[in-house]
Amino acid sequence: MEFPVQTANPAKIETACLVVPVFKDGDLLPAAAKLDDASERLIGQLIERGDFDARLGNVQLIPFAPGLNADRLMLVGLGSREKCQEGAFRKAVDAAFGALAALPADDATVAFNDVPVPDRACDWKARMVAEAAHRAVYRFNDFKSEPAPVPPLERVTLLVSEGGNSDAAREGGRIGDGIGQGINVARTLGNLPGNVCTPSYLAERAEQMAANAKGALTTEVLDEQALEELGAHSLLSVGRGSAEPSRLIVMKYQGADDPDEAPHVLVGKGITFDSGGISLKPGEGMDEMKFDMCGAASVFGAVTSVLAIRPKINLVAVVASAENMPDGLATKPGDIIKTLKGLSVEVLNTDAEGRLVLCDALTYAERFEPASVVDIATLTGAAIIALGHHATGLMSNDDDLALDLLDAGETAWDRAWHMPLWDEYQEQLDSNFADLANIGGRPAGTITAGCFLSRFADKYPWAHLDIAGTAWHSGKQKGATGRPVSLLTQYLLDRSSDSQVEVGED
């Protein structure tokens, strides 16, 4: 998708659809005011007569507007000017692109850069527009004999009023384009069924990404023999009951001016299907356990975004992938396994398998002498009970790293919430027979899962993102969301030596 920037009188622009945001109070923004003048006060009259309700997210399409060169005019409600914060802006933009995706239009021009959002500059608004456009046109048709129509939208022009910062809008569009691509890669991987998206499939995708990146990305895949020789017995224990072999996938991007600069490491949980193992899950909703690899999917998505944006940073992405199934070879409750770090773990519940693959991946990350490590996992149902489906759970052994991730989430509007990782919770993991147990009981289940991982991340600044509540939608709208690709990419951009976050002024 293309996101050019244009500074022109909107009434003169030739486009399939001109999208104009409007506040409820009728005080028109610059682009809307010029359109109102050129169209015999069409917009103002619609608002005054009550023919258009500018409540937040309301959309009205006008197939023909006199005095304009645009084929169509779309009005988008912003609601109250006083309440126009980041969330309201995002809602209006998403509503606009949801409506655009239903039109037979391959291009559109949008005037969202006129909208005043406190503490957000022109590039941020352009980025949100680009991301929303990618999300809106996404369709998952891989297995439908009669695919749903794919929106033809290919070009979204960012209209910047006179005196606005076109360079900042252009940079924001570029970043949003890259992040939008990454979000949709993560959604596709998450939506694929478990009989297609296996650990081997993810390994092949990583190798293909490296081939397509033409030297910008390298990939290494450790098969089960290599993992056995390495001593990654915890990761291997999870996949022992499956016919699908486990894999550890390592992708490296070197974009920093100094090739020896310490990399930032992303670690993704890649359980391509989670039956629960011997601790079998209930049948209802088990189909959604194909989404248990959304941590890995978000890592693939973030790598995609990085390859599109090319920040000056060194990045290592590690995906620990297995399928958790019950058979005669499967790990049993009560079994004791040895981790790559050398710690022994008593497996009290085989459905707490994500931490068993991640712990070996976190130990493996030590070899890169990282500047930071962030793991991403659909780890606990308790995260949904604690935070619902709005915020990602965040735990860290480093307060500065936690704050950096929280800030990145606010900027990306892909927010997280900092949860405690106090020593008192560690006691719940005590085992009579091993160094620690893999669960700590029902109380504080999300936190004790983080405590378990923290035992394997003591050599570097580390954070854990529990995305069980944010990685996918259930029910009629079932599907992967692509979160937290935007948060992760923003965090990496903030670490880049050529960071251009919040470039310029409106």
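How far apart are the end C-alpha atoms of H4, and what span should its 16 residues have? At 1.5 Å a residue, H4 should span 22 Å, and its end C-alpha atoms are 23 Å apart, which agrees. The expected span here is 1.5 Å times one less than the number of residues. Helices are DSSP runs of H or I with at least four residues, strands are E runs of at least two, and both are numbered from the N terminus.

Quick housekeeping. This is a predicted model, where local features need pLDDT of at least 70 and side-chain atom pairs count only at pLDDT 80 or more, while totals for chains, interfaces and linings use all residues. Residues are numbered from 1 along each chain as its sequence is written, and side-chain values use heavy atoms, with hydrogens and water left out.

Back to H4. Is it buried or exposed? Well, 16 of its 16 residues are buried, so H4 is largely enclosed by the rest of the structure. Buried means under 20% relative accessible area, exposed means over 50%, and partly exposed is in between, using a 1.4 Å probe and protein chains only.

Now the rings. Phe, Tyr and Trp rings (the six-membered one for Trp) pair if their centres lie within 6.5 Å; planes under 30 degrees apart are stacked, over 60 edge-to-face, and the rest tilted. That rule gives seven aromatic pairs. Take Phe-89 and Phe-112: the centres are 5.9 Å apart and the planes sit at 80°, so they're edge-to-face. Phe-89 is in helix H3 (residues 86-100) and Phe-112 is in the loop between strand S5 (107-110) and helix H4 (122-137), so this pair ties together parts 23 residues apart in sequence. Phe-89 is buried at 0% relative accessibility, and Phe-112 is buried at 0% too. Another pair, Phe-452 with Phe-456, is tilted, at 5.3 Å centre to centre and 40° between planes. Ring pairs also link Phe-89, Phe-112 and Trp-124 into a cluster.

Last bit, the sheet. Six strands form an open, mixed sheet in the order S1-S6-S5-S2-S4-S3, where pairing takes at least two DSSP bridges between strands. The edge strands, each pairing on one side only, are S1 (5-6) and S3 (59-62). S1 runs parallel to S6 (residues 155-159), joined by two bridges, and Val-5 stands opposite Leu-158 in S6.
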